[in-house]
Amino acid sequence: ASLTFVTAMMLQARRSLTSCFDGMLDLLQDVSSSIGWAEKMNGAMVPVSPAENVKMTLKSGKVPEDLTGVYMRVGPNAQFWPPKKRTHAFDGDGMVHSVRISGGEASYHCRFMETPRYMFEKEMGSEWFIRVGEMSGLAGLLKMMTMAKKKQKLSGVGEHETGTANTAVGYTPDGKLWALNESSAPFQFKLDEAGVPESLGFDTLQGTLKESISAHPKFDQKNGDILFHGRKMPEKFYAGKIVNGKLVERVDIDMPVAGFHHDMFITENYMVMIDGAMSFTPQEAIKGKQLWMFDQARKLRFGIFDRSKELTKANLQWIEADVAAEIVHTCYAYDHDGQIILWTPVSYYDADSKGTILGGLGTGHMRRVVIDVQGKSVKIQEVEGGQKFCTEFPRIRDDRVGCNGVRYGFSGLQTTEGDFDFRGLLKWDFQSCKLDKVIHYPEGVVGGEPVFIPKSNCQEDDDGYIGLLLWNEKTQESTFAAYDAKSFDATPVVEFLVHRRVPLGFHAAWITEQQFQQQLKRAW
């Protein structure tokens with residue numbers, strides 16, 4: 001017992017000394033200049049406290065009888081506010097916001113994902129782990145070199161369990177709910193009978209996963225496969241396949257430059273990695289620039305695996321485009337006669353870029369990328385209407401990912417004024433190869449990622465609703481709106497008022513009533 005006491009005292013002393021040195025470096029960094037993102041759009045991203053069972057009231061429209069299920073969206077929400085350390089928009093702890101709709105009524109809930117990182121800092125009563133925002137100036141360089149790994153080890157939190165679970169949410173083919181962040185394993189949560197998120201812990205895939213996966217694994221709901229990529233920057237990049245809740249295949253991939261590598265995509269026959277022009281440049285962040293900078297010498301390329309073959313280096317084929325470009329999020333991909341067709345926003349270099357996250361990255365416009373697997377060539381084609389609007393956060397209906405023959409997709413209409421400034425919705429017709437319809441929000445209203453909500457017995461790719469949380473920066477009201485995905489009328493079918501502010505966030509998902517009930521019965 002005395003030995004345990006001495007060990008604990010020594011650990012506490014080492015933590016105190018580390019905090020003291022770190023605090024001295026904090027004095028060399030300006031915290032207030034790092035959090036301007038929170039006040040944009042009239043405080044749209046200022047963190048909020050947890051809440052549950054907030055009754056929502058009908059603002060307009062009528063609730064369709066078949067609109068029943070749960071909408072979920074995750075985003076960064078700093079546990080300590082105002083922060084004592086420099087804080088980037090990416091740095092907050094994951095908070096899942098849920099809207100439960102049933103019987104014509106809606107309720108709102110939000111809770112932190114109680115990751116080991118979150119719980120450690122909650123017990124400490126202050127920030128501990130290195131933030132992206134701290135990687136600035138000479139003090140930031142010293143922190144990265146001397147503090148990052150030391151703090152992780154002193155916390156006792158595993159290296160692949162330091163993530164914030166703040167980037168994306170997903171419903172796996174085997175009925176799990178995941179909150180994802182690329183620096184850790186998937187964080188599992190559930191919804192209670194009211195729709196309140198409850199943390200469960202990191203999913204180790206029955207002990208087969210011992211490293212992180214990206215925020216955007218691809219769920220093939222048709223055959224149950226989960227395909228993903230992951231990395232430990234800057235030294236390791238890999239891809240894997242999950243079947244029946246276990247990691248069954250994994251391969252290391254040689255990646256000469258640590259890029260952004262945020263997303264990948266699948267078709268019925270292929271799994272494809274994306275290696276774009278963004279490069280991880282901590283040396284530029286030290287100078288006050290962005291952590292990722294556009295490298296005009298790096299051409300966009302795609303790493304292609306045949307899904308019928310084992311994941312090995314020998315079965316990976318790289319095909320390079322003739323231009324430097326970046327793809328942050330993909331919309332829809334399919335394959336036909338040896339060609340892979342990818343619909344996605346593509347961005348090129350822009351020296352005057354206003355983005356605060358990716359330096360030199362121009363605005364994204366929807367394009368059609370044709371990858372000839374046999375001919376080893378890439379063509380980036382313009383889409384009718386695609387040049388009219390900047391766009392990001394593209395989606396199709398979740399159960400059609402990896403399928404051929406999808407007709408429609410949706411994305412957020414983005415302005416050039418900021419990374420999260422979405423002022424409308426766009427609908428894309430893959431068959432006619434054009435922008436189909438546009439919704440502009442009322443003046444002062446900001447949205448985010450459009451999520452497809454299927455109607456009962458939904459067959460067509462637009463036979464449903466587009467649901468998302470909205471923020472009115474003028475009235476400071478948050479609402480949940482559902483638009484008709486087929487008619488794409490600018491007036492929501494129904495809009496609920498949330499009687500508290502909901503900060504803007506990242507990615508979202510919808511689970512049907514059947515899926516909601518199934519996860520309630522699941523033996524977690």
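Let's start inside this predicted model, where the largest cavity has a volume of about 100 Å³. Here a cavity is a set of points on a 1 Å grid over the protein atoms alone where a 1.4 Å probe fits but cannot get out, and a volume is the space filled by probe spheres set on the points, which are joined across faces, edges and corners. Of the 14 residues lining the largest cavity, Arg73, Gly447, Gly448, Glu449 and Gly505 come closest to its centre; a lining residue has an atom within 4 Å of a point. Strands β2 (69-77) and β30 (464-472) each give two or more residues to this lining, strands being DSSP runs of E, at least two residues long, numbered from the N terminus.

The second largest cavity holds about 60 Å³ of space. Among the residues lining it are Phe80, Asp91, Asp93, Glu127 and Arg131.

Now for Glu495, which sits in strand β32 (residues 494-498). Leaving aside residues up to four places away in sequence, Glu495 touches Lys59, Leu470 and Phe480, among others, where contact means heavy atoms within 4.5 Å.

A note on the numbers: residues count from 1 along each chain as its sequence is written. Local features need pLDDT of at least 70 and side-chain atom pairs 80 or more, while totals for chains, interfaces and linings use all residues, and side-chain values use heavy atoms, without hydrogens and water.

Technical notes
Helix = DSSP H or I, 4+ residues; strand = E, 2+ residues; numbered from the N terminus. 1 Å grid on protein atoms, 1.4 Å probe; cavity = no way out; pocket = protein on both sides within 12 Å on 5 of 7 lines; lining within 4 Å.
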